[in-house]
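Student: Hi! Could we go through this structure together?

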Amino acid sequence: MPITFENVAIAVRDLEETIAFFTDLGLTVLGRDTVSGEWTDTAVGLDGNHAKIAMLQTPDGKGRIELFEYIHPDAIETSPTLPNEIGMHRIAFSVDDIEESLAIAARHGCHPLRGVATYGDVYKLTYVRGPSGIIVMLAEELNKG
């Protein structure tokens, strides 16, 4: 059975703030909607599900993020995820210029967890705490081509 990757879904506190962060990094908004009703209750497994959503896409067209801001039931705040916690904890992007990407993130109040590291002569990379506590890895390939 063939399988292809569709998207990663992330519940956020503020949809507009999160869209601004990711679009400034270079993603585009493919669509937006407000969803509710029996079909969403069934699909998500949550009674009374009502959310504002947006689908974003990477410039190469291969990666998508679906963002949700819950209207009902109320969103549940959790502690920020740590890199060593079991489960999904980050989303990663290749960038052309890590310093430029970090400057964009900083304009949104988002900064590296510790700093920028160099992995051999392959990548410069860092983890940034983004909107709603999302960990975003930014990686710049050092030997392009």
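Student: Let me start with a detail: which residue in β8 does serine 94 stand opposite?
Tutor: Serine 94 faces alanine 139 in β8. Keep in mind that this is a predicted model.

Student: How do β5 and β8 pair, parallel or antiparallel?
Tutor: They pair in the parallel sense, with five bridges between β5 (residues 90–94) and β8 (residues 135–141).

Student: And which side chains of β5 are buried?
Tutor: Ile91 and Phe93 are buried and point to one face.

Student: Let's zoom out. How many helices and strands are there in the protein?
Tutor: The protein has three helices and eight strands. Starting at the N terminus, the order is β-α-β-α-β-β-β-α-β-β-β.

Student: What box do the C-alpha atoms fill, and what share of the residues counts as buried?
Tutor: Along the principal axes, the C-alpha box is roughly 50 × 35 × 30 Å. Of the protein's 145 residues, 32% count as buried.

Student: Back to strands. What does β4 pair with?
Tutor: Strand β1 (residues 8–11) pairs with β4 (residues 64–72) in the parallel sense over four bridges, and alanine 9 stands opposite glutamate 66 there. Strand β3 (residues 50–57) runs antiparallel to β4, joined by eight bridges. In that pairing, isoleucine 53 sits opposite phenylalanine 68.

Student: What's in the turn of the β3 and β4 hairpin?
Tutor: Six residues lie between the two strands, and glycine 61 in the turn has a positive phi of about 80°.

Student: Switching topic: how many salt bridges are there?
Tutor: The count is four salt bridges. One of them joins arginine 64 and glutamate 6, whose closest N and O atoms are 3.6 Å apart. That pair links distant parts of the chain, 58 residues apart, with arginine 64 in strand β4 and glutamate 6 in the segment before β1.

Student: Which residue does glutamate 77 meet in a salt bridge?
Tutor: Glutamate 77 meets arginine 13, at 2.8 Å from N to O. Glutamate 77 is in the loop between β4 and β5 and arginine 13 is in the loop between β1 and α1, so the pair ties together parts 64 residues apart in sequence.

Student: Are those two exposed or partly exposed?
Tutor: Glutamate 77 is exposed, with a relative accessible area of 53%. Arginine 13 has 46% relative accessibility, so it counts as partly exposed.

Student: What about glutamate 16, which residue is its salt-bridge partner?
Tutor: That's arginine 32, with 2.2 Å from N to O. Because glutamate 16 lies in helix α1 and arginine 32 in strand β2 (residues 28–36), the pair ties together parts that are 16 residues apart in sequence.

Student: Now the surface. Which residues form the negative patch?
Tutor: Asp96, Asp97, Glu99 and Glu100 form a negative surface patch. Glutamate 99 is in helix α3 (residues 98–107).

Student: Last one: how far apart are aspartate 24 and histidine 108 in space?
Tutor: From C-alpha to C-alpha they are 9.3 Å apart, while 84 residues separate them in sequence. Aspartate 24 is in helix α1 (residues 15–24).

Terms used:
Residues are numbered from 1 along each chain as its sequence is written. This is a predicted model: local features need pLDDT of at least 70, side-chain atom pairs count only at pLDDT 80 or more; totals for chains, interfaces and linings use all residues. Side-chain values use heavy atoms; hydrogens and water are left out. Patches are made of residues with over 30% relative accessible area and no salt bridge: like charges are joined within 9 Å, nonpolar side chains (Val, Leu, Ile, Met, Phe, Trp, Tyr) within 5 Å. Accessible areas come from the Shrake-Rupley method with a 1.4 Å probe; for residues, only the protein chains shown count as cover. A salt bridge is a side-chain nitrogen of Lys or Arg within 4 Å of a carboxyl oxygen of Asp or Glu. Lys and Arg count as positive and Asp and Glu as negative; His and the chain ends are not counted. The place of a charge is taken as NZ of Lys, CZ of Arg, CG of Asp or CD of Glu. Buried means under 20% relative accessible area, exposed over 50%, partly exposed in between (1.4 Å probe, protein chains only). Two strands pair if DSSP finds at least two bridges between them.
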